[in-house]
Structure formats: C-alpha cells, structure tokens
Amino acid sequence: MNDPAPDPAPGAAPGAAPGAAAGAAAGVAAGESPAAGGGRVWRFGAGTVRRIAAGRKRAAVVSAPANPGVRVGEVVSVVVDGADGRVPIRLTGVGGPTAPSGMAAAASTVGVALADVTVLRSWDTYFRTRLEKTSAHAPATAADAERAADAERAADAERATDAERATDAERATDAERAADAERSGPFWVVSFEPAGAVSGTVPQRRYGSPKRKRKPAPPPVPKKPPPAPPKPKPTPMTAPDQWLVVTLPSGPSGPSGPPGSGAVVSIGAGSRLHPADVPVVSGRVEQVLDRLRPAAAMRQAVSRVVDALLEERVCGPAGLSAPERARVRGDLGPATAWLERNKLLVAGPAFNPRLLVGLRVHRSAAGPVAARAARLRLLLGKFRASPALLQNWCQTGQLASLEFRDDGAEGPVQAQVFVITAVATLPDDGGVVERAGRATSKKAAQRAAADTLVLALAD
C-alpha cells in the first residue's frame, strides 16, 4: 500500500562491512544531509507516482526506522520502482512516529484522513494489508540487490571466499531485520505537495488487450424424439359376417346357399335377430295385434313379452336370460299360448319364419347359452377376456370411455351376489351403454358385465 523503501546507499562499497553500509544508508538514503536537498528517496509504483505528480495523492505512511529525521520542508525524491521516472515532493506535515494503533491520532495532527492514504475503510485493515504486502516483497531490498551483485561477481571471478560468504550472510540478516522493522513500525504519517516537474519516464497504465467476443454457441441440435409405441390394431366391434336373410322354401330340393345369399335358416328360440331388424319385427307384431284385436289385458301381456324378446333379440321365450324371464314371469305363460295359437310362434316355440321374411338372423342354430358363448368367442379373437377387448376399443377410439361401477351386493350375507355395471360411452355423442354383471365375486361380476357389454356393443 504505497510502501516506500530506501534506495541502496550510493556511497557503500560492494565489499564494505555491514556497519559501513548501514552508516551510508543512514547518512544519504535517510536524508540526514539536508544540504544535499532531495537526498532521501522513496519508491512507489507507477500509478502512485502519476497521482503524486498530478496532485491527487498528498499523504503517505512511511517506516520510521528506515527514515529517521523526517521533518517539515524536506524535499524527497519519489521514484518509480523499476523505472527512471522521478518527481520531487516537499513535506508539508509530519506526524509520529507512532505505532499502528495511534496512527489515526497522528494523522489528524497533520490534517491527513484515511482516504488520503488508502481506499481501505480502516487503519487496521490498512496495516494488515501492508504487513502482508511487505512480507511478500521483503526480499526485494537494497541488501538483496547487493547480495545478488556480489553473487554475480563471485561467480564471474570464481574467487568467492569464506569471508565473503559470511559477509553476505550478515548482510542478509541485516536486510531481514530491516524488513521486520518495516513491518512492525513505528511509522511516520506525512503530507506533501509536488516540488518540481517529473523527470525521466513514468510508465503509463497498461490496459489489457480487448477481449475477443466469444461467438455464441451453436443452438443445440434437437434430439429426435423416441419412436412412439405402435398403436394397437383396432379389433372390429362386430363379429365376422354370420347373418342369413330369412326366405321361404321355393323348391323340393330345399334351400341352400352361402351366408347372406337369402338361404333359409332354421330358426330356434336362441336364434338372434339383427339389431337393425328389431324395429321391423316390432312393427309387424303390432300390425297383427291391430288386426286380431285381443283383449286389452292380453294385448298388454303380449306386448311385454314381445318387447322382452326383442330387447334381447332372441326368437323365442326359451332364449330369454334369467333376469328377463323373471321380469315377465307373470305374462310369459298366457302370452306364449296366445302367440302360438295365432301362429306368431311356431314349434320351438320360436317366431314364425313368415314373420321374419327378408330379415337377418344369425346363422348359429345352437341353444341360447351356446350361441352366446360362440358369438363371444368370435368377438374376442386373440383377447383372453372381454375387459381387454373393451380396453382395445377405448385405445383405438371405438369407445370414448369405459368404467366399471360397483353397485354393491344383493342377497343375504351367507350368499351374497356382487353387482358390477360396465359403462361405455360411445364417441361423437353416441350415447352411453350400460350392462350389469352378477356373480359371487367382484372379479367374476366384472367379467360377466364386460361379456354382456361386448355383446351389446357388437350388436
């Protein structure tokens, strides 16, 4: 922190004894020869010398042991460390000598503030930093310079003797003692003003080369997104074409032909009607009822039984499911007898083929349970269970949503029957289809509900 160090004594011989060198340093470098004028030399950095010459720096702290006899009015030469620049200054105030703890009071006596000496905010910080800096630069003293010159001369002449080496050791010890004194104090605080023009060259401030503008990093190359998992292949919601158009026999050889060709099919109670033909069958039954005009109670009973048959799209009472049969149990006997008596139901009993002429009936002629199982197997295909098939329909957009609703349990605790309802929402506001399943376990009830829903949606 602007620590001045005395120049080597100009009158000291290279091989002189330590006492003679110290005397020369005290007499010339310390400025004890006032007649010489400017004999004392203080070394500063180039930036500090520039500020002193410009009048912007007007105070400094110097070591008292290295600068005895400092007084007001003395002219001191300030030189640039490591260059030939030089400017004379005249001391206008001297405070001290004092220890670091009394520096604030000594500075105030000569009108010097901390800001005139350093940019640090306290004297303690200033002296701590000065101690570190002086310790780091302690070898760069006049004694070190003499020792280096002696070493060069000894190396060139190869005449180094034990006495010269001992002298160097003593000189090094003196330099270390001087450095310790410089670090420990006491110190002078001096104010000054420029006393003349600058001579020699004061190095200008070196500015670093302008930083090269760094080119912006190239934008990161977007990583290709991982390939999307393959979409599941949609499974059709209808079974393969297994429908036959009902026609009447036209020759002695009997009907025959491929599916859908108009061939006659044997109609049983479990034969299933095509969903699009259910309204046609209902209309034809209403026409017969209007023509025969049964009693009101009988007409209502017949209508309820026919509605149950058409709701499950079966062709005879034996094809009804157990819940539906229980619902129309009171009307089933009288209504079936009236329908058989008026030829709407024939042997089986099942719908009269004449009532179904031109309509489509599933080709399976098995019983209702076997026909239902066979149709479900056709729909499931590669899927092991109907819940997986329903999930496939949701993933492929054939269903908007699917959920299974727990409707609790029925019956006594010892023989509970769980009820699960499968609810499917059709896309494009196509409505909601619900089917319930009942079983003694929730898993079985869910599967039963899914089976029923699959068959309902496929129709």
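This is a predicted model: local features need pLDDT of at least 70, side-chain atom pairs count only at pLDDT 80 or more; totals for chains, interfaces and linings use all residues.
Figure 1. R313 sits in the loop that joins α8 to α9 (322-327). Its phi is near 55 degrees, which is positive although R313 is a residue other than glycine.

**Figure 2. R293, an exposed residue with positive phi.** The loop between α7 and α8 contains R293. Phi of R293 is positive, at about 50 degrees, and R293 is not a glycine. Relative accessibility is 70% here, so R293 counts as exposed; the cut-off for exposed is over 50%.

**Figure 3. Packing of helix α7 on helix α8.** Two packed helices are described by the angle between their axes and the distance between the axes. For α7 (residues 278-292) and α8 (residues 296-311), the angle is about 165 degrees and the axes lie 11 Å apart. The two helices are therefore roughly antiparallel, since angles over 145 degrees are assigned to that class. The crossing of α7 past α8 is right-handed. On the α7 side, the contact is made by V278, V281, S282, V285, E286, L289 and D290. Their partners in α8 are R299, V302, S303, V306 and L310. By class, the contact has seven nonpolar residues, two polar residues and three charged residues.

**Figure 4. Packing of helix α8 on helix α10.** The axes of α8 and α10 (residues 329-341) come within 9 Å of each other. They cross at roughly 95 degrees, and the pair is therefore roughly perpendicular. The range for that class is 65 to 115 degrees. From α8, the contact takes in M298, A301, V302, R304, V305 and V306. These meet D331, L332, P334, A335, W338 and L339 in α10. The contact of α8 with α10 divides into 10 nonpolar, no polar and two charged residues. V302 and V306 of α8 take part in this contact and also in the contact with α7.

**Figure 5. Aromatic cluster of W123, Y126, F127 and F187.** These four residues form one aromatic cluster. A search of the whole structure finds four aromatic pairs. One of them joins W123 to Y126, with 5.9 Å from centre to centre and 90 degrees between the planes. This pair is edge-to-face, because planes over 60 degrees apart are placed in that class. W123 and Y126 are three residues apart in helix α4 (residues 123-136), which means that about one helical turn separates them. The rings of Y126 and F127 have centres 5.1 Å apart and planes at 75 degrees, so this pair is edge-to-face as well. W123 is buried at 13% relative accessibility, Y126 is buried at 1%, and F127 is buried with a relative accessible area of 11%.

Figure 6. T421 belongs to strand β11 (residues 417-425) and is buried, at 4% relative accessibility. Leaving aside residues up to four places away in sequence, T421 touches E403, F404, R405, D407, E434, R435, A436 and A449.

**Figure 7. Cis peptide bond between G96 and P97.** The peptide bond from G96 to P97 is cis. Its omega is near 0 degrees. P97 lies in strand β4, which spans residues 86-98.

**Figure 8. The protein chain as a setting for the close-up views.** The secondary structure comes to 13 helices and 12 strands. Of the 459 residues of the chain, 36% count as buried. Among contacts with a separation of 6 or more, 66% are between residues 24 or more positions apart.

Methods. Residues are numbered from 1 along each chain as its sequence is written. Side-chain values use heavy atoms; hydrogens and water are left out. Rings of Phe, Tyr and Trp (its six-membered ring) pair if their centres lie within 6.5 Å; planes under 30 degrees apart count as stacked, over 60 as edge-to-face and the rest as tilted. Helices (H or I, at least four residues) and strands (E, at least two) are DSSP runs, numbered from the N terminus. Buried means under 20% relative accessible area, exposed over 50%, partly exposed in between (1.4 Å probe, protein chains only). Axes are lines fitted to C-alpha atoms, for helices over the stretch in contact, and angles run from 0 to 180 degrees between N-to-C directions. Angles under 35 degrees count as roughly parallel, over 145 as roughly antiparallel, 65 to 115 as roughly perpendicular and the rest as oblique. A crossing is left-handed if the near helix is turned anticlockwise from the far one by less than a right angle, and right-handed if clockwise. Contact means heavy atoms within 4.5 Å. Ala, Val, Leu, Ile, Met, Phe, Trp, Tyr, Cys and Pro count as nonpolar, Asp, Glu, Lys and Arg as charged, and the others, Gly among them, as polar.
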